[in-house]
Amino acid sequence: MNADPAVQLRLLDVQAVDQRLDQLAHRRKTLPEAAELETLAAEHSRLRDAEVVAGTTVADLEREQKRADAEVEQVRARKDRDQRRLDAGQVSSAKELESLQSEIASLNRRQGVLEDAEIEIMERLEVAQNEAAALAAERESVGKTAQEVQAARDAAWAQIDQDATAARAERQALVADIPADLLALYEKIRADRGGIGAAALRQRRCEGCMIQLDAAELSRIRGLAPDVVVRHEECRRILVRTHESGL
Ligand SMILES: [Zn+2]
């Protein structure tokens, strides 16, 4: 294949722009803000799940507390009724009196036990409420951080996209008068060879693979007309001769 040496040199400019585009694409994909946002989203969802569990615990304990209140109230009412009967002097037989007093004593003990249980439930409820509140506050804080990180990510993406648009315009201008077959060859090698299709020959070294050319290859290249498109035997990339090739 043959191409004007100036066109061959321009291929190096295309290569530079393509590398810049590759870097931009890589940066877009590996933006730390994007990874951080994923971590935050996972954390946010974990906290929301924990909050649901804590909320259920609070609701259960509130129900338990109501039940305990009702039980205490029931015992108290029964005790009051017994006490009123006692106070009213309605009980005449000694046996009934003894039975009533014994029931009051028993209700007193029962009330004590129930009130202890009630206090324990209240303490557990307070712990659960505090935990639910702490989870909600943490989730809110994570959500706020996520919003900030998302804004930073979006700004970085916008900047990258803007740079890429500029680079693509630059590339379009550069390839305008590069022959289609040369460009196609370059693209094919670039796809096969890690993004580098054309490299400068500088100081007898291929800048694509960084290997020094041996004497035989240098001599072969020296014998070629300037418009011959040279390929490096080692890496098969297009080797563009420059003023600093050292030929
Ligand atoms: Zn090479």
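Trainee: What makes Arg-190 and Asp-18 count as buried or exposed?

Mentor: This is a predicted model, and in it both Arg-190 and Asp-18 are classed as buried, a label that requires a relative accessible area under 20%.

Trainee: How do you know that Arg-190 forms a salt bridge with Asp-18?

Mentor: The closest N and O atoms of Arg-190 and Asp-18 are 3.6 Å apart, and the criterion is a side-chain nitrogen within 4 Å of a carboxyl oxygen, so the pair qualifies. Arg-190 lies in helix H4 and Asp-18 in helix H1, so this contact ties together parts that are 172 residues apart in sequence. Both residues also belong to a network of salt bridges that includes Asp-22, Arg-171 and Glu-187.

Trainee: Why is Lys-144 called exposed, and why is Glu-148 called partly exposed?

Mentor: Lys-144 has a relative accessible area of 52%, and exposed means over 50%, whereas Glu-148 has 49%, which falls between the limits of 20% and 50%. These two residues form a salt bridge, with their closest N and O atoms 3.8 Å apart, and they are separated by about one helical turn because they lie 4 residues apart in helix H3.

Trainee: Why is the site of the zinc ion called tetrahedral?

Mentor: The angles among its 4 donor atoms run from 98 to 119 degrees, and the label asks that all angles lie between 85 and 135 degrees, so the site of the zinc ion is tetrahedral. The protein donors are Cys-206, Cys-209, His-232 and Cys-235, at 2.1 to 2.4 Å from the ion.

Definitions and conventions: Residues are numbered from 1 along each chain as its sequence is written. This is a predicted model: local features need pLDDT of at least 70, side-chain atom pairs count only at pLDDT 80 or more; totals for chains, interfaces and linings use all residues. Side-chain values use heavy atoms; hydrogens and water are left out. Donors are N, O and S atoms within 2.8 Å of the metal (3.2 Å for Na, K and Ca); water is not among the atoms, so sites may look incomplete. Four donors count as tetrahedral if all angles lie between 85 and 135 degrees; four count as square planar and six as octahedral if opposite donors are over 155 degrees apart and all others between 65 and 115; anything else is irregular. Helices (H or I, at least four residues) and strands (E, at least two) are DSSP runs, numbered from the N terminus. Buried means under 20% relative accessible area, exposed over 50%, partly exposed in between (1.4 Å probe, protein chains only).
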